[in-house]
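Have a look at the sequence and structure first, then read on.

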Amino acid sequence: MARGTEPMKPTAVKLDPRGGRPREKSKTYIEGMDRMLNGGIPIGNTSLLAGTVGSGKTTLAMEFLINGAKNGETACYISVTEPSSKMLENLRTYGFFDDSLVTEGKLNIFDLGIINDRLGVERLDGSYSPKDMEALLGAFEDIVDELQATRLVIDSITAVCYQLPDRGSIRNFIFRLGQFLSTFGCTTLLISETVVDAATQTYSIFGVEEAVADGVILMGNVQRQGDLLRTMQIVKMRGAKHSRARHLVELTPIGLSVVPLLKWGQETGAVYS
Ligand SMILES: Nc1ncnc2c1ncn2[C@@H]1O[C@H](COP(=O)(O)OP(=O)(O)OP(=O)(O)O)[C@@H](O)[C@H]1O
Ligand SMILES: [Mg+2]
């Protein structure tokens with residue numbers, strides 16, 4: 001048989017020699033959350049941070065980035081749904097925020113609108129073409145690569161997904177995003193705006209994002225004695241043994257506090273997640 005005409009033999013996956021050992025974790029440094037995660041989020045995982053309006057998604061995501069930045073990591077936040085200046089004003093009311101992290105380049109904030117303009121990509125009022133999608137993935141990759149970022153948040157991925165033509169493109173986009181982020185060891189939270197309907201058991205608007213993501217962290221609400229309390233649940237986290245119990249979340253002036261939701265008490269069962 002002439003050289004080069006031999007049929008290609010499929011190459012089997014080789015086992016990682018580190019096999020069996022727990023994966024290294026990216027600590028959230030959030031009281032209670034690292035306990036739920038048995039140490040933190042496995043490094044390089046891309047997780048959906050899903051929840052209803054006002055459930056604390058942006059605050060949790062920012063605290064994750066800022067805590068990493070304070071511990072020597074480089075963090076990036078990509079703002080899609082609200083101008084970053086407004087988001088920063090809100091964030092300044094929390095004790096964990098520190099302006100110097102931004103000035104020193106440890107916390108890097110980008111507006112997707114500006115990235116789109118620079119790329120010549122359609123504005124957010126139109127659909128992305130396959131070329132736009134490639135350009136956007138390339139831009140995210142460049143940001144993470146150039147800054148050597150190890151923590152990334154896209155707020156929200158739902159708003160990006162609305163610009164993609166169909167569910168197949170959404171799946172492909174998130175899969176490829178997750179692939180290069182994992183290669184870079186960049187632990188990522190993709191914020192997902194969920195519908196107010198616990199019965200559907202979906203954690204995203206399009207219903208495909210959670211299947212591709214490595215993890216799903218669900219923020220919700222529970223009614224107790226006339227009060228609407230915030231909750232958090234880890235639905236899945238590849239590579240970690242984690243709690244699946246619903247926990248109570250408090251947004252305190254110094255950041256999030258997460259404690260187990262006690263089984264006893266006045267829970268009404270009215271859950272909006
Ligand atoms: N300094 C503060 N201390 C405690 N709680 C605060 C503070 N500032 C805002 N909050 C609470 O945080 C809520 C907003 O949280 P956050 O923006 O993180 O939610 P979100 O899930 O991102 O909301 P959205 O769906 O609108 O993006 C406010 O509705 C308010 O109740
Ligand atoms: Mg938000």
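## How the chain folds back on itself

Among contacts in the protein chain between residues at least 6 apart in sequence, 71% join residues at least 24 apart. Two residues are in contact here if their C-beta atoms, placed from the backbone, lie within 7 Å.

A bit of housekeeping. This is a predicted model, where local features need pLDDT of at least 70, side-chain atom pairs count only at pLDDT 80 or more, and totals for chains, interfaces and linings use all residues. Residues are numbered from 1 along each chain as its sequence is written, while chains are lettered from A and ligands numbered from 1 in the order in which they are written.

The protein chain has nine helices and 12 strands. Those are DSSP runs numbered from the N terminus: helices are H or I with at least four residues, strands are E with at least two. Of the 273 residues in the protein chain, 38% are buried. A residue is buried if 20 or more other C-beta atoms lie within 10 Å of its own, exposed if 12 or fewer, and partly exposed in between, with C-beta atoms placed from the backbone.

Helix H2 covers residues 57-70. At 1.5 Å a residue, its 14 residues should span 20 Å, and the end C-alpha atoms are 20 Å apart, which agrees. The expected span is 1.5 Å times one less than the number of residues in the helix. H2 is mostly covered, with 12 of its 14 residues buried; among them are Lys57, Thr58, Ala61 and Leu65. Just after H2, Gly72 takes a positive phi of about 90°.

Leaving aside neighbours within four places in sequence, Ile154 is in contact with Ile78, Val80, Val160, Leu190 and Ile191.

H2 also turns up around ligand 1, where it gives the largest share of the shell, three residues. The surrounding residues are Gly51, Val53, Gly54, Ser55, Gly56, Lys57, Thr58, Thr59, Thr93, Tyr94, Leu251 and Pro253. A residue is near a molecule if its C-beta atom, placed from the backbone, lies within 6 Å of it. The shell divides into four nonpolar, seven polar and one charged residue. Here Ala, Val, Leu, Ile, Met, Phe, Trp, Tyr, Cys and Pro count as nonpolar, Asp, Glu, Lys and Arg as charged, and the others, Gly among them, as polar.

### Strands side by side

Strand E7 (residues 187-193) has six of its seven residues buried, so it is largely enclosed by the rest of the structure. Leu49 stands opposite Ile191 in E7, and Arg151 has Thr187 of E7 as its bridge partner. Two strands pair if DSSP finds at least two bridges between them. Here are some of the pairs:

| Strands | Bridges | Direction |
|---|---|---|
| E3 (residues 46-51) and E7 | Six | Parallel |
| E6 (residues 151-155) and E7 | Four | Parallel |
| E8 (residues 215-224) and E9 (residues 227-237) | 10 | Antiparallel |
| E9 and E10 (residues 247-252) | Three | Antiparallel |

E8 and E9 form a hairpin with two residues between them, and Gln225 in the turn has a positive phi of about 50°. Ile217 pairs with Ile234 in E9, while Arg230 stands opposite Val249 in E10.

The peptide bond from Asp155 to Ser156 is cis, with omega near 10°. Ser156 sits in the loop between E6 and helix H7 (157-161).

Tyr29 has a phi near 60°, a positive value in a residue other than glycine. You'll find Tyr29 in the loop between strand E1 (25-26) and helix H1 (33-36). With 17 other C-beta atoms within 10 Å, Tyr29 is partly exposed.

Gln148 isn't a glycine either, but has a positive phi of about 55°. Gln148 lies in the loop between helix H6 (130-147) and E6. Is Gln148 buried or exposed? Gln148 is exposed, because 11 other C-beta atoms lie within 10 Å.
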